[in-house]
Structures are given as C-alpha cells and as structure tokens.
Amino acid sequence: MAADIQAIVDRYDGDKGQLVSILQDIQAEDRYLPKEALEEASRIMDVPLSQVYSVATFFRAFSLTPRGRHLIRVCLGTACHVRGAARVLEKMELDLGIKREETTDDLRFTLETVNCVGCCALGPMVIIDDKYHGQLGSDKVSPLLEKYE
Ligand code: FES
C-alpha cells in the first residue's frame with residue numbers, strides 16, 4: 001500500500017459523504033484498493049468497514065485485487081468483432097498467459113474487454129492505458145505488447 005490514507009482523507013476534511021472520492025484517490029495511487037487501505041480509511045473516518053466495502057464493491061471501477069501497471073482494453077463491440085476482435089483477444093490471452101479480467105503475475109498488464117469506444121471504423125480497436133491502437137490485427141499484438149515495460 002503506497003497511498004497515504006490520512007492525507008487523502010484530510011483532503012476531504014474527513015467528510016463521510018466523500019467516501020467514493022476518497023476511494024477513487026486511493027485507487028489512483030495504488031491502482032487498486034488494498035485491504036489495509038480500506039481498514040485504515042474506515043478507522044480514520046469512523047465509518048464501519050462493512051460500509052466501506054459495500055461502496056468499494058458497488059462500483060465496477062473499483063478493484064479489490066492488484067492491477068497491472070498497464071490496462072489493456074480490447075473492444076468486442078459489433079464493428080470490432082466483425083473485424084476480428086475475438087482473435088485479437090485470444091492472442092492477448094495467449095501472449096500474456098491470462099484470461100480477460102485478469103492481471104499478469106508480474107503486475108505488468110491487466111486485460112479487460114469493452115463494448116465500443118466510439119472508433120468503430122478503425123477496428124479492431126485496443127486501448128492500452130489512454131492510447132488508442134486501431135486496425136490492430138492479431139499479428140500486431142506481440143510487437144505492441146513488447147513496447148510496454
Ligand atoms: S465496436 Fe469497437 S470501437 Fe465501436
């Protein structure tokens with residue numbers, strides 16, 4: 001756990017109504033919500049741990065398990081699908097040795113799928129962190145992944 005929970009809570013004056021924002025800030029620093037961070041936030045804010053967990057598990061954007069340094073999102077929307085997105089995803093899974101929604105053991109990558117990111121004409125579309133990679137055939141997957149540490 002790298003995040004300074006006390007500093008983050010102080011940023012919001014310990015306002016219990018800002019719990020979602022506080023969890024967002026913790027996740028921004030740690031890339032997920034470590035158990036110890038949730039316990040500390042609960043203690044500092046005097047909010048029951050069960051309540052902290054119910055917020056942390058309600059929003060899909062929050063993760064309770066470690067996330068990779070790089071987030072890969074493979075678009076499986078209709079337009080990308082007809083252009084071979086399933087093969088791109090298969091190649092990603094093969095290269096990384098994980099399935100979708102999983103993270104590599106070395107915490108290098110987390111692999112997710114999405115349904116349309118608004119660039120259908122450029123499919124198959126893959127987004128790594130905030131960078132869009134269009135017309136990404138399965139043959140381009142390995143060279144692309146090699147660019148990320
Ligand atoms: S279906 Fe993939 S970008 Fe629209």
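Modeller: Just after helix 6, glycine 97 takes a positive phi of about 70°. Helices here are DSSP runs of H or I with at least four residues, strands are runs of E with at least two, and both are numbered from the N terminus. This is a predicted model, where local features need pLDDT of at least 70, side-chain atom pairs count only at pLDDT 80 or more, and totals for chains, interfaces and linings use all residues. Residues are numbered from 1 along each chain as its sequence is written, and side-chain values use heavy atoms, leaving out hydrogens and water.

Colleague: Happy with that! How do you know that the span of helix 6 agrees with its number of residues?

Modeller: The expected span is 1.5 Å times one less than the number of residues. Helix 6 (residues 85-96) has 12 residues and should therefore span 16 Å, and its end C-alpha atoms are 16 Å apart, which agrees.

Colleague: Which residues of helix 6 are buried, and what makes them line one face?

Modeller: Buried means under 20% relative accessible area, exposed over 50%, and partly exposed in between, with a 1.4 Å probe and protein chains only. Ala85, Val88, Leu89, Met92, Glu93 and Leu96 are the buried residues of helix 6. Viewed down the helix axis, they fall within an arc of 135°, so they line one face; the arc is that of the directions from the axis to the C-beta atoms. An α-helix has 3.6 residues a turn, so residues three or four places apart point the same way. Arg87, Glu90 and Leu94 are exposed on the other side of helix 6.

Colleague: What covers the buried residues of helix 6?

Modeller: The cover includes strand 1 (70-75), helix 5 (78-82), strand 2, strand 3 and helix 7. Contact means heavy atoms within 4.5 Å.

Colleague: Why is cysteine 116 called partly exposed?

Modeller: Its relative accessibility is 41%, so cysteine 116 counts as partly exposed. This residue is in the loop between strand 2 and strand 3, and its phi is near 75°, a positive value in a residue other than glycine.

Colleague: And why does glutamine 135 count as partly exposed?

Modeller: Because its relative accessible area is 48%, glutamine 135 is partly exposed. Its phi is positive too, near 45°, and it sits in the loop between strand 4 (131-133) and helix 7 (141-146).

Colleague: What makes the bond between glycine 123 and proline 124 a cis peptide bond?

Modeller: Its omega is about 0°. Proline 124 lies in the loop between strand 2 (109-114) and strand 3 (126-128). Most peptide bonds are trans, and most residues other than glycine have a negative phi.
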